[in-house]
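Dear colleague,

Please find below the structure that I am handing over to you, followed by a summary of what was found in it.

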Number of protein chains: 2
Amino acid sequence: MNIHSFIFAAQMRIRDEHKEIIVKETALDMLVELGFDGFSMQKLAKKAGVSPATLYIYYKDKEDLIVQLGIEEGQKMTRSTMEGFSPEMSFEDGLRLQWKNRANYWLQNSVSSKFYEQIKHSPYYEKVMAVYKDEFKVKMTAFAKKAVLNGELKRLPFEVYWSLAFAPLYNLINFQMQGQSIGGLPFTWSEEIMNQTLELVLKALKP
Amino acid sequence: MNIHSFIFAAQMRIRDEHKEIIVKETALDMLVELGFDGFSMQKLAKKAGVSPATLYIYYKDKEDLIVQLGIEEGQKMTRSTMEGFSPEMSFEDGLRLQWKNRANYWLQNSVSSKFYEQIKHSPYYEKVMAVYKDEFKVKMTAFAKKAVLNGELKRLPFEVYWSLAFAPLYNLINFQMQGQSIGGLPFTWSEEIMNQTLELVLKALKP
DNA sequence: AAAATAAATGAACATTCATTCTTTTATATT
DNA sequence: AATATAAAAGAATGAATGTTCATTTATTTT
């Protein structure tokens with residue numbers, strides 16, 4: 001093969017993106033329904049209406065499929081979380097926006113969210129995180145640091161800040177998604193409840 | 001078989017509890033290391049030095065093994081969390097005790113904790129929770145209700161209270177266990193950091 | 001010592017698994 | 001229309017899976 005044939009090689013038969021999307025969505029559904037065990041390439045191929053061999057055109061192997069899915073869903077979540085966000089916002093406005101964005105995304109994409117919650121607590125997560133850890137980190141630390149300088153936020157170790165600022169939200173959403181009430185009645189999400197919780201978080205974080 | 005032989009049947013060859021314990025510990029190790037996929041009955045039998053058939057004396061099937069393990073570890077965690085606790089405690093003392101107990105247990109039993117975190121976000125959890133949800137719920141709601149009456153705690157939906165009171169702790173511990181720092185340096189747990197976080201949680205929850 | 005019985009075993013089962021091989025199909029350039 | 005080429009398919013691979021069967025082992029009562 002010479003340079004000419006390499007660079008100008010004919011690009012024949014494009015990958016069917018529709019098919020690829022169906023594979024992804026089916027995989028997400030199955031992983032959430034069946035768990036990581038219970039899920040298999042053959043089942044996926046069958047349910048997605050695709051040959052098993054086709055999956056290996058899209059992905060190197062099963063692990064790659066799962067990890068890629070994790071990376072992609074993570075990026076979607078992050079993008080959605082940051083929608084409308086700018087570092088110039090006041091701390092309170094920024095946090096409020098992120099809570100709203102996260103809640104909306106999770107409640108409207110419950111399959112993706114459940115999948116992500118699952119992979120987040122699995123051995124796969126190491127490989128998922130390795131990819132997009134940094135871009136996210138940079139934005140978030142900058143936001144927090146500015147808020148500290150402006151006297152809007154207590155000076156705290158980053159992990160402490162993060163745990164106080166977002167863990168309650170995640171937990172609240174998980175209650176909703178799993179119907180996993182501890183109290184008497186099944187818990188029902190509302191924007192009011194979210195705001196009530198956010199106010200208390202802000203109370204904790206303000207200097 | 002008549003009544004006599006049923007009631008007074010000879011009890012021959014007791015189950016080897018030592019063997020059962022090794023199976024459990026090995027299973028925990030493998031589940032954490034390999035994830036729910038990656039784990040198999042044959043691998044477990046081999047590593048635990050036991051015949052595959054023996055596993056089916058202890059457990060109905062693979063799912064039963066995993067679920068039973070989840071139930072047992074959950075009970076251990078709960079028992080440990082409640083050690084030294086009494087409903088007569090002040091809200092602040094009670095919360096402080098539970099944070100301390102939880103942190104100690106998680107950090108000293110990291111395999112169990114990682115396993116539990118994993119099963120908690122898997123489809124198995126429904127079956128785990130079904131068992132010991134109630135006994136736990138009763139204690140915790142009573143504690144919170146009393147605190148509200150005494151004016152030590154804001155009146156809140158239970159899930160909001162729970163998410164504020166404990167989610168930050170779980171998140172902080174997860175940072176430590178996964179070495180999953182978002183900020184620059186890897187996060188290192190300390191009792192001081194825990195207390196700092198707890199103070200802010202109390203600030204949020206007090207009326 | 002014999003009988004009784006559950007624990008424990010090793011080998012075996014059909015099934016499913018992840019993956020690959022060979023062939024066919026569809027598309028874009030020549 | 002012929003050619004080139006990657007996408008996609010279907011069938012097949014050996015290995016691994018969950019589970020069971022027939023048998024042996026260990027222990028206690030008779």
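The second largest cavity is lined by Phe36(A), Gln118(A), His121(A), Ser122(A), Pro123(A) and Tyr124(A) from chain A, and by Gly35(B), Phe36(B), Asp37(B), Gln118(B), His121(B) and Ser122(B) from chain B. A cavity here is a set of points, on a 1 Å grid over the protein atoms alone, where a 1.4 Å probe fits but cannot get out, and lining residues have an atom within 4 Å of a point. This lining divides into four nonpolar residues, seven polar and one charged; Ala, Val, Leu, Ile, Met, Phe, Trp, Tyr, Cys and Pro count as nonpolar, Asp, Glu, Lys and Arg as charged, and the others, Gly among them, as polar. The space within the cavity is about 70 Å³, a volume being the space filled by probe spheres set on the points, which are joined across faces, edges and corners. The whole structure holds three cavities of 30 Å³ or more.

This is a predicted model, in which local features need pLDDT of at least 70 and side-chain atom pairs count only at pLDDT 80 or more, while totals for chains, interfaces and linings use all residues. Residues are numbered from 1 along each chain as its sequence is written, chains are lettered from A and ligands numbered from 1 in the order in which they are written, and side-chain values use heavy atoms, with hydrogens and water left out.

Chain A is superposed on chain B by a rotation of 180° with 0.0 Å of shift along its axis (RMSD 0.0 Å), fitted by least squares on the C-alpha atoms of residues with pLDDT of at least 70 in both. That is the relation of a two-fold axis. Within chain A, Asp37(A) has the C-alpha nearest the axis, 2.1 Å from it.

Turning to DNA strand C, 25 residues lie around it, and Arg13(A), Met41(A), Gln42(A), Ala53(B) and Thr54(B) come nearest (near means a heavy atom within 4 Å). Phosphate oxygens of DNA strand C lie 2.7 Å from a backbone N or O atom of Met41(A), 2.9 Å from a polar backbone atom of Lys62(A) and 3.2 Å from a polar side-chain atom of Ser40(A).

Yours sincerely

Technical notes
Polar contact = N/O pair within 3.5 Å; in protein donor to acceptor, adjacent residues only side chain to side chain. 1 Å grid on protein atoms, 1.4 Å probe; cavity = no way out; pocket = protein on both sides within 12 Å on 5 of 7 lines; lining within 4 Å.
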